[in-house]
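Colleague: I have a model open and want to learn how to read it. Please take me through its features one by one.

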Amino acid sequence: MTTTIGFTDTDKSTSAVLEDVIRSMDEEHVTLRQILEKMGESGLLLLCGLLSLPFLVPVSIPGVSTVFGAGIVLIGIAVTFNRLPWLPSKLADRKIERSKLVPVLERGLTILRKVDRYVRPRLLGLTTGGLVNRINGLVLTLAAVLLMMPLSFIPFSNTLPGVAILLLSTGISQRDGGVVLAGHLLVVLTILYFGGLAWVAYAAGSSLTG
């Protein structure tokens, strides 16, 4: 079973959206499908940002980038096509106790409110509109693919795309075009960095065989 609800553009911050979701939980149990339907793009981008956090160090844990990167790829594709991602019914419709979930979400809300102090709607041409949304989704997906590259043993190979993902997910959700632009530039820097690594490896191989 799939969820194919389109995202609705909003000028609300992620913290405001999350606060609305918490207030709307008036039943004893809630499902992941219900939460994602209410949060839409903001919820997915928040998850995307959380998945990027383990990579904000020069050398990440081997293997984690593949799993988390795959999750971010799915989110990037969902943003690109303006649809919530496919979810197995067993996962999407599993009931979660409200009494256990709300305190966790409220702690996250406290963090998001602090983030709101530093990001704000600006350069809206980089964050609004169907075409721009698709481009940002594709760049987010590309950053996740770069994160999945089996290069975790090389310094900054996970950090650069990880930071780019965090910037993109934060900028898109907060409608901060300046942060989104920084994310785009960091993706370009990551590609150049990986290209440089490939050139060095090729040059070293040629010198050994020459």
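Modeller: Ground rules. Residues are numbered from 1 along each chain as its sequence is written. The model is predicted, so local features need pLDDT of at least 70 and side-chain atom pairs count only at pLDDT 80 or more, while totals for chains, interfaces and linings use all residues; side-chain values use heavy atoms, with hydrogens and water left out.

Colleague: How many helices and strands are there in the protein?

Modeller: Helices (H or I, at least four residues) and strands (E, at least two) are DSSP runs, numbered from the N terminus. Here there are 9 helices and 2 strands. Along the sequence the pattern reads α-β-α-α-α-α-β-α-α-α-α.

Colleague: What does the UniProt annotation "transmembrane region" cover?

Modeller: UniProt positions are given in the numbering used here, feature names are shortened, and annotations may be inferred rather than shown by experiment. The unreviewed entry places the annotation on residues 43-61, 67-86, 123-147, 153-172 and 179-202. Take two of these. Residues 179-202 are 100% helix and 0% strand, with end C-alpha atoms 35 Å apart. Residues 123-147 are 72% helix and 0% strand, and their end C-alpha atoms are 27 Å apart.

Colleague: How much of the protein is buried?

Modeller: Buried means under 20% relative accessible area, exposed over 50%, partly exposed in between (1.4 Å probe, protein chains only). Buried residues make up 40% of the 210 residues. Leu138 counts as exposed because its relative accessibility is 52%.

Colleague: Which residues touch the most other members of the largest nonpolar core?

Modeller: A nonpolar core is a set of buried Ala, Val, Leu, Ile, Met, Phe, Trp, Tyr and Cys residues joined through side-chain atoms within 4.5 Å. The largest has 29 residues, and Ile72, Leu140, Ile165 and Val187 touch the most other members. H3, H4, H7, H8 and helix H9 (177-209) each supply at least two residues. H7 gives the most, with 6 residues.

Colleague: How many salt bridges does the structure hold?

Modeller: A salt bridge is a side-chain nitrogen of Lys or Arg within 4 Å of a carboxyl oxygen of Asp or Glu. The structure holds 2. Glu19 and Arg23 meet at 2.9 Å, N to O. They are separated by about one helical turn, because they are 4 residues apart in helix H1 (residues 14-24). Arg23 is exposed at 63% relative accessibility, whereas Glu19 is partly exposed at 23%.

Colleague: And the salt bridge of Asp176 and Arg122: what is its N to O distance?

Modeller: That distance is 2.6 Å. Asp176 lies in the loop between H8 and H9 and Arg122 in the loop between H6 and H7, so the pair ties together parts that are 54 residues apart in sequence. Asp176 is buried at 0% relative accessibility. Arg122 is partly exposed at 29%.

Colleague: Where does the side chain of Thr159 reach?

Modeller: A polar contact is a pair of N or O atoms within 3.5 Å; within protein, one must be able to donate a hydrogen and the other to accept it, and residues adjacent in sequence count only if both atoms are side-chain atoms. The Thr159 side chain reaches the backbone oxygen of Phe55 at 3.4 Å. Thr159 lies in helix H8 (residues 159-174) and is buried at 11% relative accessibility.

Colleague: Where is Arg175 found?

Modeller: Arg175 is in the loop between H8 and H9. Its phi is positive, near 60 degrees, in a residue other than glycine. Arg175 is buried, with a relative accessible area of 7%.
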